[in-house]
Amino acid sequence: MKNEDISPELPPENNKKQAKRIIVGVITLLCVLLLTILFMTYNYIKASLDPLDKNNNKIEQVYIPIGSNTKQIGTILEKNKIIKSGTVYTYYVKQKNVSQFKGGYYQLKASMSLDKIAWTLQQGGSSEPIQNTLTKVLVSEGTTVNEIGKAIAKKTNFSYDDFIKLMKNKTFLTYLDKKYPDLLNSSMASKNVRYHLEGYLFPATYTVYKKTTLKDLVEQMIVKANDELSPYYETISKQKLTVQNVIALSSLVEKETANHADRQKIAGVYFNRIDAEIPLQSNISVSYALNTPQRELTSADYYTDKPYNLYVYKGFGPGPFNNASLDSIQAVLKPLDRKKDNIYFIFNSNSKKIEYSKTYEYYQAFSPTTQTDNGYVQ
């Protein structure tokens, strides 16, 4: 008879006890794990509801894109280390029924509470970055390249001479022309131009940051001009004009009056003169030709043989005489009273209105001089 190993079977009662012990052990372990997870989750949520770092008052610039939802905002805040958890932030603001967050650039700190952050995001941010701003430069309507250069030199670390050199830098001008052809092609094709960017440094306030170069600043102005004029390129083409023509005429209109209807009528007078091949006879052009904007003009000045002198030369001139406003540009693109055939206008000091006329005799009745009258056409 062979020997066989036969394991003794446990009594049924012992099997049941062992099974119970295992089940109790597993349940106990699961309970411990569950409690641990709940405890850790509680602590995590509690920590997430508190400021990320109460002692960190360093300002961080955070950009929230327009249209961002609550979850996206939470992710951005977490990524920028303003809050501990984007998920907790999302559930927190939903639970408190906080909404209507706005896009923009915000100055936030890790020491801020969720309530403070949510409130800040409801107020709206700035449209442009403001951290590390050096200064702002105002380009006023009706100013020239030379005047803009002086304003830049006064407000920034860029010199007037460097700005003027950049205005004549062919490599830079070619770069801009290729990048913004609809705006600058006609200017670059024009001859006898003092500055190809005259009239194209659009009037607005520009922010200069610590890393902004002079080229960056100028291109900001060109981008603004391109943005403002883009809706009118097709109209300009249909009217068989060039952008250079329009801005040149607008720059004359800009200096004559601030009233839009009169700007349209003056534009009409200018177009009538161009069609009749009569010089525009603008004092503004003479001052620009002589590069003496502050000096009172003499009789001899009107006969100065310079391309910008529109007493001597017919047409629009080589280019703009200053930075025209959008209002003046719109007036030139939609002139009034063309059919009245007016070729004169002058300010009536009695009525305080601008008078328009077909004849020189009517014009002369309001003119204190037969030679010049503060920039008004004769």
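Okay, let's start with a term: when I say two residues touch or are in contact, I mean they have heavy atoms within 4.5 Å of each other. With that in hand, take Leu 201. Leaving out residues up to four places away in sequence, Leu 201 touches Val 139, Val 145, Ile 148, Phe 163, Met 167, Val 218, Met 221, Ile 222 and Asn 323.

Quick housekeeping. What you're looking at is a predicted model, where local features need pLDDT of at least 70 and side-chain atom pairs count only at pLDDT 80 or more, while totals for chains, interfaces and linings use all residues. Residues are numbered from 1 along each chain as its sequence is written, and side-chain values use heavy atoms, with hydrogens and water left out.

So, where does Leu 201 sit? Leu 201 belongs to the largest nonpolar core, which has 62 residues. By nonpolar core I mean a set of buried Ala, Val, Leu, Ile, Met, Phe, Trp, Tyr and Cys residues joined through side-chain atoms within 4.5 Å. Buried is under 20% relative accessible area, exposed is over 50%, and partly exposed is in between, using a 1.4 Å probe and protein chains only. Phe 163, Leu 183, Leu 201 and Ile 222 are the ones that touch the most other members. Which helix gives this core its largest share? That's helix α9, residues 214-229, with seven residues. Helices here are DSSP runs of H or I with at least four residues, strands are runs of E with at least two, and both are numbered from the N terminus. There's also a second, separate core of 18 residues, including Val 62, Leu 77, Ile 117 and Leu 121. As background, nonpolar side chains tend to be buried together in soluble globular proteins.

On to charges. A salt bridge here is a side-chain nitrogen of Lys or Arg within 4 Å of a carboxyl oxygen of Asp or Glu. The whole structure has 10 of them.

One is back in helix α9, where Lys 224 and Glu 228 sit four residues apart, about one turn of the helix. Their side chains meet at 2.9 Å, N to O. Lys 224 counts as partly exposed because its relative accessibility is 29%, and Glu 228 is partly exposed too, at 21%.

Lys 238 and Glu 234 are both exposed.

Asp 327 forms a salt bridge with Arg 263, with the closest N and O atoms 2.9 Å apart. Asp 327 is in helix α14 (residues 326-333) and Arg 263 in helix α12 (residues 260-275), so the pair ties together parts 64 residues apart in sequence. Is Arg 263 buried or exposed? At 6% relative accessibility, Arg 263 is buried, whereas Asp 327 is partly exposed at 26%.

Two last stops. Thr 135 is in strand β3, residues 133-139, and counts as buried because its relative accessible area is 15%. Beyond its neighbours within four places in sequence, Thr 135 contacts Lys 155, Thr 156, Tyr 206, Thr 207 and Val 208.

Then there's Asp 53, in the loop between α1 (12-49) and β1 (60-64). Asp 53 is partly exposed, at 32%. Asp 53 and Ala 110 are 57 residues apart in sequence, yet 5.4 Å apart in space, C-alpha to C-alpha.
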